[in-house]
Amino acid sequence: MSVEIKNCIAILQTVYQSKYGTPDLFVKSPGRINLIGEHTDYNLGFVLPAAIDKAIYIAIGKRSDREIHLTAADLNESFSVSMNEMEKSKMDWPNYLLGIVDQLVKSGAKLSGFNAVITGDVPLGAGLSSSAAVECATVFALNELFVLGLSKLEMVKLAQKAENHFVGLQCGIMDMFASMFGKADAVIQLDCRSLEYHYSPFNQEGIRIVLLDTCVKHSLASSEYNVRRKECEAGVAFLQKSYPEVASLRDVSFEMLRELEGQVNEKVFNRCKFIVEEIKRLQDACLNLAQNDLISFGKKMYETHEGLSKLYEVSCHELDFLADHAKLNEQVLGARMMGGGFGGCTINLVKESAVPDFIAQSEIAFQKVFNNNLKSYIVSIGDGTSVISIA
Ligand code: GLA
């Protein structure tokens with residue numbers, strides 16, 4: 001067991017003991033990165049995410065009544081509610097757990113009340129999907145605790161529904177899938193239409209994955225996310241008039257895209273153009289990966305950033321600055337903004353020997369322009385959601 005896991009489990013044990021006694025089990029669910037394939041999940045294209053070595057941890061135990069008692073150890077906050085009167089909490093974090101309970105109850109699962117404490121080392125608001133990690137940890141823990149017999153895929157779908165319906169973000173399936181199905185040293189090539197997936201080894205020899213966290217989250221993030229979905233749907237609706245077989249942007253060819261130009265407003269066209277290009281780019285990037293050609297792979301990451309910034313318009317000054325700054329450095333194979341956008345992190349593939357200089361130079365440059373501190377994380381690819389045995 002790594003030091004990080006031991007520390008998190010120790011926190012859970014202490015806090016759980018002081019509040020509720022002895023937990024029945026501990027579950028860990030990681031945050032995620034995505035190498036390429038952004039905003040393609042809800043357009044039923046492909047994504048290439050991986051789970052990371054930073055996770056959310058939950059300690060959980062049954063109660064004999066129908067109450068739910070929750071504690072967020074890192075925030076030093078507690079919340080309780082009866083299962084008979086569950087509604088969205090004004091505090092933010094309980095909703096990620098309550099949304100899961102809500103979906104489980106709706107699906108007919110037999111639950112009683114429970115106590116839970118959460119902690120973790122996934123940086124919050126950095127675009128590493130700490131919320132999906134909380135949801136996956138919760139559903140996995142409840143599935144074990146109440147012997148519900150759900151498969152991993154059923155739990156992923158349930159967690160996505162919880163986020164869509166209880167929390168209110170119309171996110172795709174990528175974050176939950178990556179957290180649940182992650183595998184050490186491998187990226188997941190996921191087809192978001194069929195949900196078929198396979199693991200591709202990601203050879204990190206001589207290369208490190210460096211995340212640079214702008215520490216900003218512009219207020220547009222969730223409202224614009226839902227707007228992007230609508231714009232993509234508008235493009236699909238237009239094309240369906242001539243091509244009834246088109247169910248999503250996944251089905252749109254470059255020829256169809258050319259027909260769309262001038263027929264829909266420019267924004268809708270640009271959104272669709274980015275997605276159709278990004279789906280193709282990801283497929284080409286996977287071939288690069290199979291040949292261990294990280295140079296060509298990295299170039300595609302820069303192209304993705306350009307598209308996200310100019311066509312999809314989900315970047316921001318801070319992210320554009322970091323991607324441009326990385327591009328000037330020959331030791332960086334590829335860099336781009338990652339996740340939903342409007343803040344959070346860039347993901348950078350950096351030659352191992354150059355990592356300290358790259359981080360130091362980025363911090364200085366960022367501070368100079370934005371008068372703000374940059375955070376950096378060097379991440380490894382880890383396993384997905386699991387029970388932590390402490391015996
Ligand atoms: C967020 C969403 C995901 C995905 C990404 C963009 O992380 O939760 O479903 O759409 O943005 O690729």
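This is a predicted model: local features need pLDDT of at least 70, side-chain atom pairs count only at pLDDT 80 or more; totals for chains, interfaces and linings use all residues.
Residues are numbered from 1 along each chain as its sequence is written, and side-chain values use heavy atoms, with hydrogens and water left out.

**Helix α11**
- α11 covers residues 355-370; helices here are DSSP runs of H or I with at least four residues, strands are E runs of at least two, and both are numbered from the N terminus.
- V355, F358, I359, S362, A365 and F366 are the buried ones in α11, meaning under 20% relative accessible area.
- Viewed down the helix axis, the buried residues of α11 fall within an arc of 140 degrees (taken from the directions from the axis to the C-beta atoms), so they line one face.
- Those buried residues pack against β9 (207-217), α10 (317-327), β10 (332-337), β11 (343-351) and β12 (375-379), with contact meaning heavy atoms within 4.5 Å.

**The β2-β7-β8 sheet**
- This open sheet has 3 strands in the order β2-β7-β8, with antiparallel pairing; two strands pair if DSSP finds at least two bridges between them.
- β2 (46-47) and β8 (197-201) are the edge strands, each pairing on one side only.
- β2 is joined to β7 (residues 186-191) by 2 bridges, and F46 has D191 of β7 as its bridge partner.

How values were computed:
The expected span of a helix is 1.5 Å times one less than its number of residues. Buried means under 20% relative accessible area, exposed over 50%, partly exposed in between (1.4 Å probe, protein chains only).
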